[in-house]
Amino acid sequence: MAAKGRIKRIGILTGGGDCPGLNAVIRGVAKPAHDNGLSVLGILDGFEGLVTGKGIELYNKDVSGILASGGTILGSSNKGDPFHWPESTNGKTQIVDKSKEALRNYDAWGLDVLIAIGGDGTMAITNRLAEMGMNVVGVPKTIDNDLQATDLTFGHDSAVFVVSEALDRLHTTASSHHRVMVIEAMGRYAGWIALNGGIAGGADVILLPEIPFDWDAIYERVIQRNMRGKKFSIVCVAEGAKPKDGKMIVKKVDKKRTDPIQLGGIAEVVAKKISENTGLETRYTVLGHLQRGGSPTPYDRILSTKFGVTAIELALKKKFGRMAALKGNEVKNVKIEDAIANQKLVKPDDQAVRVAVAVGVSFGTKDL
Ligand code: F6P
């Protein structure tokens, strides 16, 4: 498995949910790889392609002109975990281990290293494949920004841009109709998208998974605003937010996925409760996958390019088991296992939370 001599051939895949910037990373890896005389195999649909042997050669023409395009030219999947592979026989689905197939295909393709672009799930799988002897390098992706060991994941800035723009739009209609507008942001168990998007879009209330809320504190804030002459309010709620006496709202459980839990639905509940308890007219909007689609922001294009180039540099230097990571303004590298040890969650004393409180944002609690 260990690459003897010079690295000649790399495989690249995009795993988990897509996000803006994936193509910019692929380009950032492949262009310098070609310049260094390497061949590049694009593995299709994440780890699914590694297990089933689906890949395409990536030539310069394939990675040219993709910097600004959303999604991934390689396809992605959050159901292709080789260690948790759903296999159906006679109408019954059971979970089996297909990691040996993944290793067989890696060898059959003649790969010297696999560059895996993904979030915590992808990095955890990549780390297990490394333990089995595969040479790997990671690139941290996710709109959720919940990966440890990197100050930022690419995709997050683009998602925050979508939330911020949506809040701007909702402000005008909220103000015209004197309504409370509740917007639901993604982020799974981390509140980074709602927090940063909420600050950028001037939300009056931000609700996060990390800071369980009191219903009364929310009602109080919107009524207070009304009494002060601000006849509308904007509430930005993370999909994983929960009341102090309640649980996160699970939309669906899908055992075929590495993380079977799908969150969603809190905005509707919050809007209903506000309307019932304050008498104020309230509407809700779920932003959903709009946060993952479209062209990356300039910041994400730059970060993705830096990540991609760093990943190929790590591969050429045979620094396997490492992940590109942003530290301050520099992209460095860390052990993949350090990135997956814990989730990076919002701390209630985070500067962003303190700053938001200072400009009048309520987090639905009197504790801050
Ligand atoms: O991890 C990215 C993410 O968009 C989360 O914010 C969200 O909870 C989840 O993926 C949604 O997954 P799916 O696209 O499978 O519905």
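Here are the stops, one selection at a time.

This is a predicted model, where local features need pLDDT of at least 70, side-chain atom pairs count only at pLDDT 80 or more, and totals for chains, interfaces and linings use all residues. Residues are numbered from 1 along each chain as its sequence is written, and side-chain values use heavy atoms, leaving out hydrogens and water.

**Cysteines.** A search of the whole structure finds zero disulfides (cysteine sulfur pairs within 2.5 Å). Select Cys-19: the nearest cysteine sulfur, in Cys-236, is 19 Å away.

**Aromatic rings.** Rings of Phe, Tyr and Trp (its six-membered ring) pair if their centres lie within 6.5 Å; planes under 30 degrees apart are stacked, over 60 edge-to-face, the rest tilted. The count is three aromatic pairs. Select Trp-215 and Tyr-219: their centres are 6.5 Å apart and their planes at 20 degrees, so the pair is stacked. Both are buried. Both lie in helix α7 (residues 215–227; a DSSP run of H or I, at least four residues), four residues apart, about one turn.

**Charges over rings.** The rule: NZ of Lys or CZ of Arg within 6 Å of the ring centre and within 35 degrees of the ring normal. Select Arg-128, which lies over the face of Phe-83, 4.0 Å from the ring centre. Finish at Lys-344, whose charged end sits over the ring of Trp-192, 5.9 Å from its centre.

Note on methods: Helix = DSSP H or I, 4+ residues; strand = E, 2+ residues; numbered from the N terminus. Buried < 20%, exposed > 50% of the residue type's maximum accessible area, 1.4 Å probe, protein only.
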